[in-house]
Amino acid sequence: MEILGIDIGGSGIKGALVNAETGEMLTERYRIPTPSSRKPEDMAEVISQIVDHFDYKGPVGCGFPTIVKNGVCMSAGNLHSSWVGVNIDELFTKVTGHEFTVLNDADAAGYASMNYGVGKGKDGLVLMITIGTGLGSGAFYNGVLLPNFELGQIPYKKYKKIEEWAAASAKEREGLTLERWGKRFNKFLKLVELIISPDLIIVGGGTSKKWGEFNHLITIETDVVKAELMNHAGIIGAAVACLREQHHGHLSEKA
Ligand code: BGC
């Protein structure tokens, strides 16, 4: 089934048509920068432009960069604080006329990797970590999603949340070399390893494109691999999640 997958990030909103049964992207990715206000109405307008671009008729799957429970935004993340409490499903449906399935963006990326990528068939605790404006984390235990893991929110030194220090946005803001930033990311992974002892960590998000240039800085014991779907995982996973909701009426089941 062909489904429009959308991945909403702090810097860009990206969409593509996906074969949600095979995980294959059927079109080029269409990207519009995230409005600088990062407010609900402005972002909903971009969603509507993306849906129009594909001249698409069916249900839409959407990865969203905050805690999402039953379609409702539960934290601001790196978006405007007025998002908190907004029913994202309803807002996007109102603006576009399409049915929406909305879930956390890293959970969506994890869905893609667990179904069609390096996570396929992997038991134990598998983590998808996405590196972008924030640090996202999707957790799967024996293939079942544990929604809304928020490992980027761990307080660290003077920072309220470690993602302020170790996400790709910190690298840009502080003009860090890949080497210096990579050491910070490794420190983040060390804390993650200490706290939850995962069996496998999959690294996705925009910065994972540079994996070959910083993987030598990753020194933790846990296996860490690149999501080969890279920054398409969020789009593909959102479409897969949407298909699951169409079939089963809920998301938290085996990936
Ligand atoms: C949010 C997460 C999100 C991550 C990546 C963080 O700021 O708290 O929910 O997954 O950014 O977008």
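**View 1. Two domains of the chain.** In this predicted model, the chain is divided into domain 1 (2–107 + 232–248) and domain 2 (122–228), with bounds that come from an automatic or database domain assignment. The C-alpha centres of domain 1 and domain 2 lie 22 Å apart, and the contact between them (heavy atoms within 4.5 Å) takes twelve residues from domain 1 and 15 residues from domain 2. Residues are numbered from 1 along each chain as its sequence is written, and side-chain values use heavy atoms, with hydrogens and water left out. Local features need pLDDT of at least 70 and side-chain atom pairs count only at pLDDT 80 or more, whereas totals for chains, interfaces and linings use all residues.

**View 2. The shell around the ligand.** The ligand is surrounded by 13 residues, each with a heavy atom within 4 Å of the ligand, and the closest are Asn104, Asp105, Glu150, Gln153 and Glu163. Both domain 1 and domain 2 contribute at least three residues each to this shell, which divides into three nonpolar, seven polar and three charged residues, where Asp, Glu, Lys and Arg count as charged and Gly is among the polar ones.

View 3. Oxygen atoms of the ligand make polar contacts (pairs of N or O atoms within 3.5 Å) with side-chain N or O atoms, at 2.6 Å for Glu150, at 3.0 Å for Gln153 and at 3.2 Å for Asn78. The protein covers 94% of the 310 Å² of accessible area that the ligand has on its own, as computed by the Shrake-Rupley method with a 1.4 Å probe.

Definitions and conventions. A polar contact is a pair of N or O atoms within 3.5 Å; within protein, one must be able to donate a hydrogen and the other to accept it, and residues adjacent in sequence count only if both atoms are side-chain atoms.
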